[in-house]
Amino acid sequence: MFGSAFSPAVRKGVVAVLATASLLVSAACSSGQGPQSTGGREGDASVPSASSSAAASASASPSDLAPAKGSVKVVSTLTEGLASPWGLAALPGGDLLVASRDDGTVTRVDGENGKKTLLGSVPGVSPGGEGGLLGLAVPATFGADRQVYAYFTTTSDNRIARMLYDERRPAGQQLGAPDTILRGIPKGAVHNGGRIAFGPDRMLYAGTGETGETGLAQDKKSLGGKILRMTPDGEPVHGNPEADSVVYSYGHRNVQGLAWDGQKRLWAAEFGQDTWDELNLIEPGGNYGWPDVEGKKGEEGFVDPVAQWKTAEASPSGIAVVGGSVWMAGLRGERLWRIPLSGKAGQEPLAQPQSFLDGKYGRLRTVLAAGGDRLWLVTSNTDGRATPKPGDDRILLLEVR
């Protein structure tokens with residue numbers, strides 16, 4: 001049974017992050033080369049399952065399909081000089097919010113000229129290891145309620161809270177006190193997960209990690225090593241595998257990428273240990289194998305990944321869907337992966353994944369759809385796992401296909 005795991009509702013909220021096919025992605029584990037045993041890498045609104053979406057996928061229009069081969073062009077550098085950037089969310093009008101993992105601050109970046117404005121610090125953030133201020137999400141109701149959601153590490157747990165953003169206040173004082181909607185997500189020096197995103201079903205999703213305690217991933221009473229699905233108030237959702245739980249899928253090691261395709265199927269990227277990193281198509285109630293299985297094994301009772309990579313080639317963090325492809329940022333791999341989706345029934349990609357920008361910008365943390373054929377890309381070279389270069393860290397605007 002999935003155990004009860006939710007916090008009291010405080011206010012009503014409503015939902016969906018962006019009006020694009022890939023809402024938000026993006027969560028705290030970096031890749032590293034430390035000992036692998038400690039894992040030093042880092043309402044009523046039911047949602048269609050991957051299998052129930054197959055019929056819709058089979059009838060996808062040609063415009064939904066990705067070409068077998070793609071391309072990436074760096075259009076511009078939006079801004080530089082970011083400190084340990086992690087979460088990324090878009091505001092109505094195109095400006096961006098960026099979370100600093102280690103500073104515990106949120107900064108607004110002008111989407112046209114890259115000007116940075118400090119919104120403020122998030123009280124209660126306790127950075128350390130791979131923890132700190134991680135994912136950000138902005139609901140479609142932002143224009144009315146001015147709420148910003150954040151996933152962050154405290155001294156006792158990881159939690160999700162929302163804050164009122166008042167830009168009429170002085171810079172540095174524009175965030176209200178955190179209103180915690182979900183607490184009790186396990187924390188650790190590694191594997192804190194951290195990506196949050198609003199789905200097309202208007203619910204809030206979160207990717208969590210097992211904190212290096214591998215047994216949590218298979219423990220259905222724990223929030224560690226899971227993908228969670230909840231209302232904007234942090235309550236379990238009708239259609240979850242268990243009515244009293246926010247747990248949506250389990251058997252995950254460390255989920256840092258969440259995105260939906262044109263058929264509203266949920267995709268998730270997660271770190272393997274020392275063999276295979278994974279891109280998974282998420283089924284409600286699915287068991288994704290960790291720690292019993294890593295990568296494709298074909299074992300009964302476990303869901304195999306759609307694609308896998310050697311850990312030196314990926315260590316995946318954020319993902320986004322643009323142009324019918326999943327775009328996946330690689331930390332240790334220092335490259336951007338493109339996985340073209342067939343748009344047909346079944347789970348296999350249309351063609352083999354391609355990599356771009358290999359080693360050019362160092363570690364890559366987060367990607368976010370920027371409208372049309374464009375993609376925001378955030379580097380991650382100031383998090384203690386790399387040697388920063390002048391200008392690090394930065395946000396790049398890419399043109400992709």
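In which order do the four strands β18, β19, β20 and β21 form an open sheet? I started my notebook with that.

**Entry 1: ground rules.** I am working on a predicted model, where local features need pLDDT of at least 70, side-chain atom pairs count only at pLDDT 80 or more, and totals for chains, interfaces and linings use all residues. Residues are numbered from 1 along each chain as its sequence is written, and side-chain values use heavy atoms, with hydrogens and water left out.

**Entry 2: confidence.** I looked up pLDDT, the predictor's confidence in each residue, from 0 to 100. The protein has a mean of 88. Of its residues, 83% reach 70 or more. Residues 1-39 have pLDDT below 50, yet in the model this stretch has 179 contacts (heavy atoms within 4.5 Å) beyond near neighbours in sequence. For residues 43-48 the pLDDT is also below 50, and I noted 19 such contacts.

**Entry 3: the opening question.** The order is β18-β19-β20-β21, and the pairing is antiparallel. Strands here are DSSP runs (E, at least two residues), while helices are runs of H or I with at least four residues, and both are numbered from the N terminus. Two strands pair if DSSP finds at least two bridges between them. From one strand to the next, the twist averages 25 degrees. Axes for that angle are lines fitted to C-alpha atoms, and angles run from 0 to 180 degrees between N-to-C directions.

I then checked β18 against β19 (residues 325-330). Five bridges join these antiparallel strands. Opposite Val-321 stands Val-326 in β19.

**Entry 4: another sheet.** I found an open, antiparallel sheet of four strands in the order β14-β15-β16-β17. Its edge strands are β14 (255-260) and β17 (307-310). Neighbouring strands are turned by 15 degrees against each other on average, direction ignored. β14 pairs with β15 (residues 266-270) over five bridges, in the antiparallel sense. Leu-258 has Ala-268 in β15 as its bridge partner.

**Entry 5: Lys-69.** Is Lys-69 buried or exposed? Lys-69 counts as exposed because its relative accessibility is 56%. The cut-offs are under 20% relative accessible area for buried and over 50% for exposed, with partly exposed in between (1.4 Å probe, protein chains only). I located Lys-69 in the loop between α1 (54-58) and β1 (72-79). Leaving aside neighbours within four places in sequence, Lys-69 contacts Arg-338, Gln-354 and Arg-401. Lys-69 and Gln-354 are 285 residues apart along the chain, but their C-alpha atoms are separated by 7.8 Å.
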